[in-house]
Amino acid sequence: MMDTVIPIYWHTETSETVIVLRGSGDEVSYDSAGKELERVTLKAGSECAAVQVPRNVYHTFVPHEDGTTIFEAKDRTYDPVKTEEFLA
């Protein structure tokens, strides 16, 4: 849904791979003050359908169209209590 909002967050102990399976959107990174640092447009089936987000980088995904579907994978066991922090 276009009104889906993913909070700005980071992973303290793992990187994250984001792959757009259907549709398109922007993977956006931020500094600790919430200032946008980089915006990468991802589109399913294109030459730029995935991105690797390093650990300790605040980020979010902003869909461009209804039905956009993403797959996220971590490089280790995921524990949201220990490894995830949200930008206030």
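User: Is Tyr-58 buried or exposed?
Analyst: In this predicted model, Tyr-58 has a relative accessible area of 9% and is therefore buried, the cut-off being under 20%.

User: And Trp-10, buried or exposed?
Analyst: Trp-10 counts as buried as well, at 19% relative accessibility.

User: How many aromatic pairs are found in the whole structure?
Analyst: The search returns one aromatic pair. Its members are Trp-10 and Tyr-58, which are stacked, with 4.5 Å centre to centre and 5° between the planes.

User: Which strands hold these two residues?
Analyst: Trp-10 belongs to strand 1 (residues 9-11) and Tyr-58 to strand 6 (residues 58-63), so the pair ties together parts 48 residues apart in sequence.

User: Changing topic: what makes up the largest nonpolar core?
Analyst: Six residues form that core: Val-18, Val-20, Leu-42, Val-51, Val-53 and Phe-61. At least two of its residues come from strand 2 (16-22), and at least two from strand 5 (50-53).

User: What does Val-51 touch?
Analyst: Leaving aside residues up to four places away in sequence, Val-51 touches Glu-16, Thr-17, Val-18, Glu-27 and Leu-42.

User: How many bridges join strand 2 to strand 5?
Analyst: There are four bridges, and the two strands run antiparallel. Within strand 5, Ala-50 is the residue opposite Ile-19.

User: What is the strand order in the open sheet?
Analyst: The three strands are ordered 5-2-7, with antiparallel pairing. From one strand to the next, the twist averages 20°.

Terms used:
Residues numbered from 1 in each chain as written. Predicted model: local features only at pLDDT ≥ 70, side-chain atom pairs only at ≥ 80, totals over all residues. Heavy atoms only, no water. Core = buried A, V, L, I, M, F, W, Y, C linked by side-chain atoms within 4.5 Å. Buried < 20%, exposed > 50% of the residue type's maximum accessible area, 1.4 Å probe, protein only. Contact = heavy atoms within 4.5 Å. Pairing = 2+ DSSP bridges. Axes fitted to C-alpha atoms, helices over the stretch in contact; angles between N-to-C directions. Phe/Tyr/Trp six-rings, centres within 6.5 Å; stacked < 30°, edge-to-face > 60°.
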